[in-house]
Amino acid sequence: MHKIKALNDFVIKFANINGTGSASANSMFAKAIFRMGIPVSPRNIFPSNIQGLPTWYEVRISEKGYLGRRGGIDVMVCMNPQSMAKDVAEVEAGGYFVYDSSKPLDIQYIRKDIHYIGIPFTQICLREYSDPRQRQLFKNIIYVGSLAALLDIEFKVLQDLVSEQFKGKEKLIAPNIHAMELGYRHAQENFECPLPVRLKRCDNVGNQILIDGNTAAGLGAIYGGATVAAWYPITPSTSVVDAFEKYTRRLRIDPGTGKKNYAIVQAEDELSAMGMVIGAMWNGARAFTATSGPGVSLMTEFLGLAYFAEIPVVLINVQRAGPSTGMPTRTQQADVLAAAYASHGDTKQVLLFPSNAKDCFDMTAQAFDLAERLQTPVILMTDLDLGMNDTLSPPFEWDDSRTYDRGKVLNAEQLDKIEKFGRYLDVDGDGICYRTYPGTHPSKGAFFTRGTSRDEYAVYTEDGAAYLRNVERLLKKWETAKDHVPAPELYAERNPGTADGVLFYGTSASSTLEALDILAGEGIELDAIRVRAFPFNQDVQKFIDAHQRVFVIEQNRDAQLRSLLLIENNADPQKLISLLHIDGTPIMARSIAAQLRKYFDSNVTPLRRSAKSAG
Amino acid sequence: MSYQRPTIHHPELPKNDLGYVSRDYEGAISTLCAGCGHDSISAAVIQACWEMSIEPHRVAKLSGIGCSSKTPTYFLGKSHGFNSVHGRMPSIATGANLANRDLIYIGVSGDGDTASIGMGQFAHVVRRSLNMLYMVENNGCYGLTKGQDSATADIGSKSKKGVENLYSPIDLVSIAIQLGATFVGRSFSGDKQQLIPLIKAAVSHHGFAFIDVISPCVTFNNNVGSTKSYDYVREHVEATGTVDFVPMRKEITTQYEAGKTQEVTLHDGSTIHLHKAETGHDIHDRQAALNAIEDQKRKGSYLTGLLYMDPNAADLHEMISTTNKPLSQLTEAELCPGSKALENINNSLR
């Protein structure tokens, strides 16, 4: 029978039961591979449930460094009888199925094209431990030990990880290492170790770090100078503020008094969270909130106020599958339109699209500068896949000479020099006006912030001409924003002269780039652009203009970014072809490649433009 | 439209300790109905702030949506104001206060704004003991949409159309006390002599101060049968006593005939003198306050005055232990941990 053979390049998936303590064992497994210098990308695929339901942990190991979801499973570690039928079916032909052989495997789970590795995890636990809780917890450690033998993970690396994990609880170290050894020995004694699918130390990780996007965003908020975090818990965004809290507690305590140089308030709901952010930023502090789709819905009324009253706001939207409550623990990019036009009336919000953890850090820090520069909400459009999964990332960097851009804020001395302050006067002609913080000056600079129409001096008016001047100035500010938001990343130079392009954003990046490599290997060469912000920079239009077809890759049903491109960029609808993925799992390189391939299988025309038309 | 007042004023107007005349505490000209109780409340705020010699620009005034929420435009024109969305002033005030604990926060809301859409935010701003004065201008009806009953309208009270209200009213003072407010008072917009000292005491209070001001709607809820009409309220007011505010710098004597006096020390060292009426209760006793409110309610009367106060209140900043320096004034050096700390974080993630 065919056996999959692979060195440092395969996908392994763990099928667990939610709430049984498998998460820490699984992450230890992934981190061990990372420490062996092999690029790794683990993903939790979990239900919206506290315990009992099936949960999966899928680990992509790719020496070349592909971090997107590949598709297909080479090794399945099945610890949950409940999901076994599905789990067996998912294994690639020639792959391996590791299961608990304490009881014989039912005939229905036997496939002739995969290899079975039965290890009696339950029996080992029953033999070794009397405490039911220990029997459950150590079962996870035992399978990690078995995999160390089967896949050739360096045992010393695992030992070190156990020691680090239980630092401060030293008496737990030896029992955990013992459990790992039990699994390791059993595999070695009963199977040919390692399997043809295996690992070998290499040096392809470099100085990268392993971190999830939400933690990266929480750190970005600290470095961006946020002092107020107001939030309401919601999956999958909760860990953003958890991370902010964890690191601010370490990094932001006033050395003199021991008091906090920050404030975190768990609000009663998302409406209140957004109100607090608006109040704090109006009053001169940098503030943010983190939420997901249902929370964004609740915040839209306030987002409209912030847009119209021109108050900076930073909102981190960790998208999940909608609509409504949708699939709370599954990923999508389906809030694009809701966020872009959040609130009623003519409203446009600035969006940033991070593709990896470093983007989450950089863009969150940058969001505060942008929000204050533009005096408007800035929404970071991350998602569950990026937010809640550990991912390889270049180390975070901070230039100590960097200063915060606090935007156009007048202090008392500047107000003294002005004859009459006008909050909504377009002094510089860029659509961005000057603001003042409350309490700045005894007689100048005070104004009334409101969601109702007002004139240039912030005096309430329903005069049509004054309203028109105001909303048109807001459009001018929108134009100004195009030069401030992150420019798109172009991959055009990799395929000069290609007639077709691929446009993608956010977490589709790693899978898309891998799919382009797969296709390039088949002679199908495509240009690519990664959109990083809305409003769209001019380069986005140029890219569309320069190609005959542009495939827009998205993780939503209704091609929301494509709609945005059609509305805002006047793009030709015939040109923009959607490739969509919407089942709540992260988009896969294989599926992108397969969808794209269809357009080229039937297309025998040369893919390259003539030198002339390529310009 | 907001019409701005001319800046000239009579040269002989008396000045407060800061050299300001009361005109310095005024705002734009009101666009509310002539005779609206809300304008009397604005006048009381102006008088209170002038008498207390508050620097106008050190006040942040916030409101929601509705007739009452328009009033911050009509007082303290040199203060920053924030007219937020319906019922959500408390969260804006919370954020603003978190950013800068050094300013004075005056929130103005209405019975629709607070007792209906804003009930949730009201409850939570009380729980968090935000250091602010939260004032409800309570007329039991919706004026801007022409007279629908609000959630504070009494059962059986008739609207202008003659329709009786079927639902139980929300009594904001009782709720505020139950939720943990540390200063709760009620007054009547027409009783300036009670309202002004009450506002002064509330502004001086450290923690969350709530005043429910019954302020009849002259246009839509001043009819026979309404329990919030001028005539009805005047006939059914039962005062706990007159409240007098005494700043440390200069004592202000009441124009009222004094009864028995109880002295209460506030956090800033100033004191309020309570002149108890026959119905007076121990204002430090939450249960006694609730009983007294309920007793008067049973008689069909409003108990007014300072109803409850906890002189040992802690505010939100103390609860969460934020630094004394306003967060908005922290420097980059205090905010950004720098590249070295980031390198340590990177190392911990390998």
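In the predicted model, Y96(A) is in contact with a series of residues beyond its neighbours within four places in sequence: K3(A), I4(A), D74(A), V75(A), M76(A), V91(A), H115(A), I117(A), L195(A), P196(A) and V197(A). Y96(A) itself is part of strand 6 of chain A, which covers residues 91–100. The relative accessibility of Y96(A) is 1%, and the residue therefore counts as buried, given that the term applies to values under 20%.

Helix packing was examined in both chains. Two packed helices are described by the angle between their axes and by the distance between those axes. In chain A, helix 1 (residues 22–35) packs with helix 4 (residues 132–151) at an angle of about 20 degrees, and the two axes are 9 Å apart. Because of this angle, helix 1 of chain A is roughly parallel to helix 4 of chain A, the cut-off for that description being an angle under 35 degrees. The crossing of helix 1 of chain A with helix 4 of chain A is right-handed. On the side of helix 1 of chain A, the residues that take part are S22(A), A25(A), N26(A), M28(A) and F29(A), and they meet N140(A), I141(A), Y143(A), V144(A), L147(A) and L151(A) of helix 4 of chain A. Sorted by class, this contact between helix 1 and helix 4 of chain A comprises eight nonpolar residues, three polar residues and no charged residues.

In chain B, helix 3 (residues 89–99) and helix 5 (residues 119–127) pack with their axes 8 Å apart and at an angle of about 35 degrees. Here M89(B), P90(B), S91(B) and T94(B) of helix 3 of chain B meet Q121(B), F122(B) and V125(B) of helix 5 of chain B. Four nonpolar and three polar residues make up the contact of helix 3 with helix 5 of chain B, and no charged residue is included.

P194(A) is placed in the loop that lies between helix 6 (173–190) and strand 8 (197–198) of chain A. Another cis peptide bond joins T235(A) to P236(A), and its omega is about 5 degrees. The loop between strand 10 (228–231) and helix 8 (238–251) of chain A holds P236(A).

Positive phi values in residues other than glycine were also found. In chain A, S343(A) is such a residue, with phi near 95 degrees. S343(A) belongs to the loop between helix 11 (336–340) and strand 14 (350–352) of chain A. Its relative accessible area is 17%, so S343(A) is buried. In chain B, L76(B) is not a glycine, yet its phi is positive, at about 50 degrees. L76(B) is located in the loop between helix 2 (67–70) and strand 2 (80–83) of chain B. With a relative accessible area of 0%, L76(B) is therefore buried.

Chain B as a whole contains twelve helices and 13 strands. Of its 350 residues, 58% count as buried. Among contacts in chain B with a separation of 6 or more, 70% are accounted for by residues 24 or more positions apart.

Polar contacts of side chains were found in loops of chain B. H206(B) is situated in the loop between helix 7 (192–204) and strand 8 (208–214) of chain B. Because its relative accessibility is 18%, H206(B) counts as buried. The side chain of H206(B) is joined to that of E318(B) by a polar contact of 3.0 Å. D285(B), in turn, occurs in the loop between strand 12 (271–276) and helix 9 (286–298) of chain B. The relative accessibility of D285(B) is 32%, so this residue counts as partly exposed. The side chain of D285(B) reaches the backbone nitrogen of Q287(B) at 3.0 Å. D285(B) and M309(B) stand 24 residues apart in sequence, and their C-alpha atoms are 8.0 Å apart in space.

Notes:
Residues are numbered from 1 along each chain as its sequence is written. Chains are lettered from A and ligands numbered from 1 in the order in which they are written. This is a predicted model: local features need pLDDT of at least 70, side-chain atom pairs count only at pLDDT 80 or more; totals for chains, interfaces and linings use all residues. Side-chain values use heavy atoms; hydrogens and water are left out. Helices (H or I, at least four residues) and strands (E, at least two) are DSSP runs, numbered from the N terminus. Buried means under 20% relative accessible area, exposed over 50%, partly exposed in between (1.4 Å probe, protein chains only). A polar contact is a pair of N or O atoms within 3.5 Å; within protein, one must be able to donate a hydrogen and the other to accept it, and residues adjacent in sequence count only if both atoms are side-chain atoms. Axes are lines fitted to C-alpha atoms, for helices over the stretch in contact, and angles run from 0 to 180 degrees between N-to-C directions. Angles under 35 degrees count as roughly parallel, over 145 as roughly antiparallel, 65 to 115 as roughly perpendicular and the rest as oblique. A crossing is left-handed if the near helix is turned anticlockwise from the far one by less than a right angle, and right-handed if clockwise. Contact means heavy atoms within 4.5 Å. Ala, Val, Leu, Ile, Met, Phe, Trp, Tyr, Cys and Pro count as nonpolar, Asp, Glu, Lys and Arg as charged, and the others, Gly among them, as polar.
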